[in-house]
Amino acid sequence: MLSQQLLNALTLGSVYALFALGFTLVFGVLAVINLSHGAVFMVGSYAALFLVTRFEMPLWLALLAAMAVSGMLGLLIDVLILKPLRARNAPHLIPMIATIGVAITLSSSAQGIFGAEILRFPEGTIPAGEFIIGDVHVRAIEIGIVGIAFTLMAVLFLAIRRTQLGRALRAIAESPKAASLLGINVEGLFHGTSFVAAALGGAAGVLIGLDFNAITPLMGQPILHKGIAVIILGGMGDIRGALIAGMFLGFAEVMSKAYLSSQLGDAVAFGLLFLILLVRPSGMFGRVLERKA
Amino acid sequence: MLAISKLGKHFGGLSVLEDVSFDVPAGGIFGLIGPNGAGKTTVFNLITGLLKPSAGNISFEGRDLAGLAPHSVTRLGIARTFQNIRIFKEMTLLENVMIGMHQHLAYGPVALFLNSPACRAAEAEARQRALELLSWVRLDHRAEMLADNLSYGDQRKLEFARALATKPRLLLLDEPVAGMNPAEKTVLMEEIRNICQRGFGVFLIEHDMRFVMGLCDRVAVLNFGRIIAEGSPDEIRNNPDVIEAYLGREDEGQAS
Amino acid sequence: MEWLDNYWSTYNTLVYSIGVHALLALSIWLTLACGLLSLANAAFMGIGAYVSALLSLQAGWPFAAVLAAAGVVPALVALIIGIPTLRLSGVYLAMATLAFGEVVRIIVLNLEITGGPEGLNGIPQSTQGWHILAILAFTIYGLARLRRSRVGRAFESIREDDVAASLMGIDVARHKLFAFVLGATIAGVAGGLNAHFTFFISPREYGFENAVDILTMAILGGIGSLVGPMRGATILTLLPELLRFLHEFRGVFNGIVLVLVVLFLPKGLWEPRRIKALFARGGRA
């Protein structure tokens, strides 16, 4: 029983971490709380569903295509909305309010186009294999989800830690002004970051869609709220923190649902968030990325 | 009036102030000078409650300031200005000064809601007083203008008037002539002398030696977080440690 | 006058809604005036709605007392959560209030006494037009007095620069708390009024979307005056009715309006000068 729950927690936690990674990346680099990240996640799952049902695309290809679609959406949001606000030097809360508008627009559009009802992947799309290890039932799809989530996160980590690009990103996170003086193409990296973050969000959307096999226009809402809890828990802009906190939240949620009560599971995230904000607003693990002007 | 003893402040492992002690006497102009980065603004931030000291204490007219929030320090009679002017740009000059009177405008919620005569009288009086303060710094003719439209030098003067509106007994000025040309500096020097003559104690920090020497009655010198000298401007001018601190950095009296 | 009666019976809900929405937009105006983004106002409305509905249904309190409770209970809740969270600033506060709204929704969804997801039915329709009008007039008058007083000036100075404000002797934390609690009170009363003319309430009406609706009204109208939020409330209540063909896409409309206003009308509709920066200093904790 416990090991079964641990598996569930691992699956959920890895998706939370993947989602929060993009969220925190945008905050770290662009200094924007992008509240449309949940809607982009939802668009990712509808895109995959649409490609699979309409064009009978194989799942792996649909995943990549969905990432491209949500990535482009993220890029579009940056170019059309965040960039003009940057140019105007708008205060912090303004871009956040704008992304709320984007979120509402996207989820209502999805509702208008696909309807409010729960949509599912067609029979046979999701690999149905199942292994039994000891007393744990492992669905093949769960292995796939955890594997894909960790692969994506590992690629991102390596890119940021090891490459020239990553160094440039970290320079921007410290100070965009200084970075541009060093000859770094700041605007280009803002666009790139928006694309990558949204693509990761879209991937998380596809994975959650597969895990629960349920896609709705409002599915971005709860995960956005959890993403907020995760990045505050992990420290805003802290990538490693987001990973750890995402896993942690997955475990806390699954365990409290299993051993306390199912209602409590949903409240756990927010209880944690409240607590952290009160006790240690810089997050459990790190420090707040203070950006110098 | 203001007694600082054994004051220390460190941020993480970095020690910014160490064992700083001096007294600011009542009346007159007291100057704290030192090269950039010596920790001068930190002293002001500690006095006004924006930062908490790591060691030592600060008392004002015999009252310990430890643990007081910034607004409580202001209410005890200490007002300050900022190195990088922080006026309320979207408000008129008059409103800016009236903000300073906040604590002295005592009318209750009921009086406010009913717009009682007492409430109206208090507001009218505050307006009158704000205009008077603006006239002290010769800005009364622009009372209804948005503060954002003022020149740099005038914004400074507005900041003085706003600080004086809190009815302080001690006024802290953080590098009042930073970023000003010599002509503006002279005007401002006069402005500060006027304020002092009206009975306000003035405590200013500055790294422009010449400005301080011409203005202050008493000067303390801060270098690398420690007080290295204290005395009259003449004593300071001839103090070998001070000369070394300034000459050693090749910016004697030059820094703008 | 029969046509008038018909007309009224068709449209009175709409007119009532405008009044309630105007109250909500004013409730968020209070915190915006201090430079705080609070996304908890839909939750406070919900608390007011549920408390008042339950007092009417189960305790049989008179309507005036019910409405008073609809204001007092959210105010107390705001006081309790406000004291610790208002230390936070900018984006942190916005996220804390967003989380709070979610907690309230989850609680209401899971309690038995609130009827869970089905909500509450058969609430007496005690709200009369003049109730809304009187409360709205009272609120506007009170806020207008506040705005022209030391408190209103203090709000504005806090929005521009809270450090400088505190050094002018203004107790920043208290003023923020006051704005937050008063906003919660107004939102709660609006919720109470609303519950007693819609007959039925459910947790769905008090979620994140509704918080955003309230925010959109205030921002669309402009927060530089009290007329602004009311103007925004009127427009956003009427437009969906006029644009019925958009019905499924109603939310799209709200979302696009929010984005466009932020991008092109940072001061809200018809609010050309004055308040240049909506929140002069957003930002860090």
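Predicted model: local features only at pLDDT ≥ 70, side-chain atom pairs only at ≥ 80, totals over all residues.
**A against C**

I started with the A–C interface: 35 residues of chain A are in contact with 42 residues of chain C. I then looked up which parts of chain A do the touching. The elements giving two or more residues to that side are α3 (59–87), α4 (93–114), α9 (220–234) and α11 (262–279) of chain A. I noted that α4(A) has the largest share, with 15 residues. Sorting chain A's side by class, I got 23 nonpolar residues, 11 polar and one charged.

**B against C**

Next I checked the other interface with chain C. Here 24 residues of chain B are in contact with 22 residues of chain C. On chain B's side, the elements that put in two or more residues are α2 (70–76), α3 (93–100) and α4 (109–114) of chain B. What is the class make-up of the side of chain B that touches chain C? I get nine nonpolar, eight polar and seven charged residues.

**Chain A by itself**

I went back to chain A for its layout. I find 11 helices and two strands. For overall dimensions, the C-alpha atoms of chain A fill a box of roughly 60 × 45 × 35 Å along the principal axes. I also checked the radius of gyration: chain A has 19 Å, and a compact globule of 293 residues would be near 19 Å, so the two agree. Buried residues come to 52% of the 293 in chain A. Then I looked at contacts along the sequence. Of those in chain A between residues at least 6 apart, 77% join residues at least 24 apart.

**Chain B by itself**

I have 42% of the 256 residues in chain B as buried. Among contacts in chain B with a separation of 6 or more, 69% are between residues 24 or more positions apart.

**A helix pair in chain C**

I picked out α5 (residues 129–147) and α8 (residues 172–198) of chain C. Their axes come within 11 Å and cross at roughly 170°. Angles over 145 degrees count as roughly antiparallel, so that is how α5(C) runs relative to α8(C). Which residues of α5(C) and α8(C) make the contact? From α5(C) I listed C:His131, C:Ile132, C:Ile135 and C:Thr139, and from α8(C) C:Ile186, C:Val189 and C:Leu193. By class, the residues of this contact are five nonpolar, two polar and no charged.

**The core**

Last, I looked up the largest nonpolar core, which has 274 residues. The residues with the most contacts inside this core are A:Ala229, A:Leu273 and C:Ala25. I followed up on C:Ala25. Leaving out residues up to four places away in sequence, C:Ala25 touches C:Ile214, C:Met217, C:Ala218, C:Gly221, C:Pro229, C:Met230, C:Gly232 and C:Ala233.

Terms used: Residues numbered from 1 in each chain as written. Chains lettered and ligands numbered in written order. Contact = placed C-beta atoms within 7 Å. Helix = DSSP H or I, 4+ residues; strand = E, 2+ residues; numbered from the N terminus. Nonpolar A, V, L, I, M, F, W, Y, C, P; charged D, E, K, R; others polar. Rg over C-alpha atoms; globule rule 2.2 N^0.38 Å. Buried ≥ 20, exposed ≤ 12 C-beta atoms within 10 Å, placed from the backbone. Axes fitted to C-alpha atoms, helices over the stretch in contact; angles between N-to-C directions. Parallel < 35°, antiparallel > 145°, perpendicular 65-115°, else oblique. Core = buried A, V, L, I, M, F, W, Y, C linked by C-beta atoms within 7 Å.
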